[in-house]
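Open the model in your viewer and keep the selection tool at hand. This tour goes stop by stop, telling you what to pick and what is there.

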Amino acid sequence: MTDTIAGAPVQAPPVRPRRAGAGTRLLRVYRTEIAIAAAIVLIELVVSLWSPQALSFGNLANVAQASAPLILVSLGVFLVIATSGIDLSVGSTFSLTGMVAGLGLSAGLSWPVACLASLGVGIGVGAINGALVTFVGLAPFVVTLVTFAVGASLAFVVTDGHSIAILDPDFWRLNGGTLVPGVVNYVLFCIAGVALLEFALRKLVLGRWVYAIGSNAKAARLLGIPVDAVRFGVYVASGLFASFSSLMSLSYISNSEATSGANLMLQAIAACVIGGASLFGGTGSAIGAMLGAVMITVIQNGVNLIGINSFWQGSVTGLVILVAVLIDRFTKARA
Amino acid sequence: MTTSAFLLEATGIRKSFGATSVLRGVDLRIAPGEIHALLGGNGAGKSTLIRIASGSLRRDAGSLSILDDGPHPIAVVFQELALLPHLSVAENIYLPRLRQGFVPVRAADRRKEARAALAQIDERLAREALDRPVAEIDLHERQLIEIARALGSGARLLFLDEPTANLTFAESERLFAILRRLAGQGISTLLVSHRMKEIRAVADVCTILRDGRTVVDRQPLATLDDASIVEAMGQKAASRAAPGPSTPCSAGSRPGAGTTVGIEGQGLSLTLEPGTILGLAGAPAGPGQLIDALVGAAPDSDWNVTMNGAAADLRSPARAVRQGIGYVSGDRAEKGLLTTLPILDNVVAATRVATRRWLARRPEATVAGDALARLAIKANSVDDSPLTLSGGTQQKLLLARWLEIPPRVLVLEEPTRGVDIGTKREIYALIREMAVLGTVVVWWSTEFPELIEICDRVIAFDLRGEVSGVIAGAQVNEVALARATGMAA
C-alpha cells in the first residue's frame with residue numbers, strides 16, 4: 001500500500017494515540033467530582049473550628065439522613081439535564097406521591113402496596129412530562145412548569161390540605177432498616193442508586209446516548225440513536241426517583257404534608273450544576289449530582305451549627321453555586 | 001484622489017490572517033447603477049474582500065475609496081438573515097437608523113419612511129406587510145425587507161452573498177427584477193453567486209478572483225463564455241485528472257461482497273455496482289432531498305432505494321444505519337460532532353447503533369485508536385474532547401466512524417467544506433479506499449473539481465432541484481457540470 005492517490009501519501013505510519021492508564025483516566029474524568037468532595041471536606045473542617053461537633057458521628061449521620069432525599073431527586077433531575085432538558089416538576093411530584101402513599105397507608109393498605117401506588121404516580125407524572133416533551137414537541141421548561149403547578153395543587157386536593165400521620169408500625173424500615181447488615185437503608189439506597197446510575201452512564205451504551213443527545217440531538221438522531229425513546233425515558237426516571245425519594249423521606253418523618261417537596265426543585269437543579277452538569281446538556285455525572293446534593297446539605301448544616309440565622313442559608317447556597325460555576329468556567333477556558 | 005466615476009474603487013487590497021495571506025492584491029471597481037458579479041472558487045477571497053469593502057475588517061494594504069454621499073453608503077444583505085422576528089416589518093426597517101436611545105421614536109413618521117423604502121422594492125409588500133411581525137413573513141420576502149432596510153438607511157451599494165441559496169426559481173426571478181429596477185435608479189449590487197445561469201441573467205459585469213488576486217477585472221459578462229470563466233477561476237476546464245484506482249475495480253480485488261444499490265426517482269433509475277462513487281452536483285435543494293432520503297431523514301421521500309434488488313427500509317436514521325448506510329456531513333457543528341463527549345464516543349457511536357451493542361466495552365478504545373491511526377489523526381488520546389482537534393481533523397474524525405464496520409453505502413454531504421487542501425487529499429484517498437473495498441459512495445459537493453476528480457458518475461440537479469442529467473465517466477467536466485446545474489462551481 002505504498003501507492004499515492006492524487007499525489008497524497010495515503011498511509012501515514014499508523015500510530016495509535018496512547019491512552020493514559022485507567023487510574024489517570026479516572027482522575028481526569030472525575031476531576032470536578034474530586035474537587036467538590038475536597039470542598040465538602042474543607043467546609044466541614046472550617047465549620048468544626050466553630051463547632052467541634054460538626055465532625056461527630058451523630059452530626060455526620062444527620063447530614064447523610066438529611067441529604068438522602070435530595071440526592072435521590074437530584075439523580076433523576078441530572079438524567080434530564082444531561083439530555084439538555086429540565087424537570088421543574090420534581091418538587092411537586094415529591095409532595096404529591098408522598099400524599100398518595102400517606103392516603104394509601106391511612107386507608108389500610110400494607111406499606112409495600114402503598115409504596116407501589118406512590119411510585120406509579122411518580123412514573124405517571126414522568127410519562128406525561130416525557131410524552132409532551134418528546135412526542136408533542138413542547139419545551140421541557142413549559143411542560144414541567146405545568147406539571148409542577150398541577151402536581152403542587154393536587155397534593156393539596158387529595159387530602160383537602162390536611163397532613164397525614166403515618167401510623168403503620170413497620171413503614172420506618174424503608175428508610176431506617178438495614179437491608180444489608182451494618183448499612184442503614186437510606187445510605188444503601190443512595191449509594192446503590194448513584195453506583196448503578198454512574199455505571200449505566202459510563203458503561204452502558206444507553207448512558208452514552210443520554211450524553212450524546214444532550215451534546216447534539218440532531219447529530220445523535222442522524223447516527224441512529226433512538227433520541228425520542230431515551231428522552232421519554234429520562235423524564236419517567238426523574239418522576240420515579242422523585243417518588244422514591246418522597247417515600248424515603250416519609251418513612252423517616254412519618255408525617256405526610258402537601259408542601260414537603262417545596263424547595264426540592266431548585267435544590268436538585270443546584271446540586272446538578274454544582275456537580276458539574278451544564279444546563280445545555282451533555283456533561284456532568286451522577287456522582288457529581290450526589291456530591292452537589294451533599295454539599296448543599298453540608299452548608300445548611302454548617303450554617304445551623306455555627307449559629308448563623310438560618311435565613312442566610314439560601315444566600316450561602318447561592319454564592320456556592322456561583323463559585324462552582326465560575327471555577328468550572330475558568331478551568332474549562334484553560335483546558 | 002481625483003474624483004472617480006466609481007461608487008467603490010478598491011486597488012491592491014491585501015490581507016493576511018497570521019501566516020496565511022488571503023488577499024494578495026485585489027482590485028474591484030463598481031460603477032453606479034450596475035449589477036456586478038464577484039466570482040471565485042472556495043478560498044479565493046470573496047468573503048474577505050466583502051468584509052473589507054463593507055468596513056467590518058481592516059485591510060493590511062491597498063486603497064479603498066467610496067463615493068460617499070451618506071452615512072451608510074454600503075449595506076451587506078446577509079446570507080443568514082439578520083432581522084428581528086418579533087418586531088414589525090416597519091420597525092425592522094427604521095430601527096437600525098435610530099442611533100440615540102433617549103429620544104422619542106415618533107413611530108408614525110418613521111413608519112412612513114419605512115413604507116417609502118419598502119415601496120421602492122415592492123408596492124404590495126409595502127401595503128400589506130408593513131405592520132406584521134417579521135416572523136409571519138415568508139422567508140424570501142424577508143430578504144426583500146433587508147434590502148429595503150438598506151435603502152432606508154441610504155445605501156447606494158448592496159452586497160448580496162448567495163442571495164438565492166434558499167429561494168425557488170420564481171422567487172429568484174422576482175429578486176432579480178427588483179435588483180435591475182434599483183440599478184436603473186443608480187443603486188448598484190455586488191452579487192456573489194455560484195450559479196452561472198443566474199449571473200448571466202442578471203449581472204452586467206464581473207470580477208473574478210483566484211487565490212487572493214483579481215484575475216478578471218471588471219469585464220462585461222457578454223465578452224466571457226462559460227469555459228473562460230471556469231478557466232479564470234482556476235478550476236481547470238480539463239476533464240478528469242488521472243483516472244486513478246477509483247474506477248470501479250474488478251470484482252477480484254474486492255474482499256467483502258459489496259452491495260448493488262438502486263436509486264429511483266424523478267424519472268431516473270440508476271444501478272450502482274459495489275465500489276461506485278456517485279457524485280451529486282447542483283444547488284442544495286436537489287441533492288439535499290436525495291441525501292435525506294438515503295439517511296432516513298425523509299421517510300416520505302419520492303426517492304426509492306434498493307439494496308441488492310430489495311427495497312431498503314429507510315424510515316428512520318436508525319434503520320438506515322442498521323442497513324449499512326453511513327453519513328458524514330460537512331456541517332460538523334450541527335450534524336456531526338458530539339462535542340461534550342470524548343473522541344472515543346464520537347468514533348464508536350455508529351458502530352454501537354449498527355451492532356445493537358449495549359455495553360461500552362473496553363476494546364472500543366483500541367478500535368477507535370486504530371481508526372484514528374489509519375486516518376493519521378493526531379490526537380493525544382481517545383479520551384480528549386474532539387474540540388481539541390482542528391476543523392479538518394474533526395472532519396476526518398467523522399469519517400473514522402465508518403471504518404470499523406464499512407458501510408454498504410457512504411453518504412457524504414460536502415465532506416470537505418472548510419478543510420485545507422492537504423486534508424482534502426487525505427479524505428479523497430480514504431473515500432477511494434472505501435470504494436475499493438466495495439462501499440457505494442454518494443457524494444454531494446459544490447466543488448466541481450472534486451467531483452470531476454473522484455466520481456464515476458454524477459447526477460446533476462438544476463436550480464429548481466430537479467434532475468437535469470446523469471453524466472458518466474470521461475464526460476464529467478467543469479463545463480458539462482456548469483451547464484447541467486446552472487452553477488459555476
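**Stop 1: a hairpin in chain B**

Select B:Met307: B:Ala310 in S14(B) stands opposite. This is a predicted model. S13(B) covers residues 304-307, and strand S14 of chain B covers residues 310-311. They pair in the antiparallel sense over two bridges. Two residues lie between the strands of this hairpin. Pick B:Asn308 there; B:Asn308 takes a positive phi near 50 degrees.

**Stop 2: two crossing helices**

Select residues 107-121 of chain B for helix H3, and residues 139-152 of chain B for helix H5. Two packed helices are described by the angle between their axes and the distance between the axes. Here the axes come within 8 Å and cross at roughly 120 degrees. H3(B) and H5(B) are therefore oblique to each other. Their crossing is right-handed.

Now show side chains. On H3(B), pick B:Glu113, B:Ala114, B:Ala117, B:Leu118, B:Gln120 and B:Ile121. On H5(B), they meet B:Leu144, B:Ile147, B:Ala148, B:Leu151 and B:Gly152. By class, this contact has eight nonpolar, two polar and one charged residue.

**Stop 3: two domains of chain B**

Colour residues 8-232 of chain B as domain 1 and residues 244-485 as domain 2. How many Å separate their centres, taken over C-alpha atoms? The separation is 35 Å. Where the domains touch, 10 residues of domain 1 are in contact with nine residues of domain 2.

On the domain 1 side, select helix H7 (196-202) and helix H8 (226-232) of chain B; each supplies at least two residues. H8(B) gives the most, with three residues. This side divides into five nonpolar, two polar and three charged residues.

**Stop 4: where the chains meet**

Zoom out to show chain A and chain B together. The contact takes 36 residues from chain A and 46 residues from chain B. On chain A, select helix H1 (22-29), helix H9 (205-215) and helix H10 (217-222). Each supplies at least two residues of the side that touches chain B. Which helix gives the largest share of that side? H9(A) does, with seven residues. Coloured by class, the chain A side shows 20 nonpolar, seven polar and nine charged residues.

Key: Residues are numbered from 1 along each chain as its sequence is written. Chains are lettered from A and ligands numbered from 1 in the order in which they are written. This is a predicted model: local features need pLDDT of at least 70, side-chain atom pairs count only at pLDDT 80 or more; totals for chains, interfaces and linings use all residues. Two residues are in contact if their C-beta atoms, placed from the backbone, lie within 7 Å. Helices (H or I, at least four residues) and strands (E, at least two) are DSSP runs, numbered from the N terminus. Ala, Val, Leu, Ile, Met, Phe, Trp, Tyr, Cys and Pro count as nonpolar, Asp, Glu, Lys and Arg as charged, and the others, Gly among them, as polar. Axes are lines fitted to C-alpha atoms, for helices over the stretch in contact, and angles run from 0 to 180 degrees between N-to-C directions. Angles under 35 degrees count as roughly parallel, over 145 as roughly antiparallel, 65 to 115 as roughly perpendicular and the rest as oblique. A crossing is left-handed if the near helix is turned anticlockwise from the far one by less than a right angle, and right-handed if clockwise. Domain bounds come from an automatic or database domain assignment. Two strands pair if DSSP finds at least two bridges between them.
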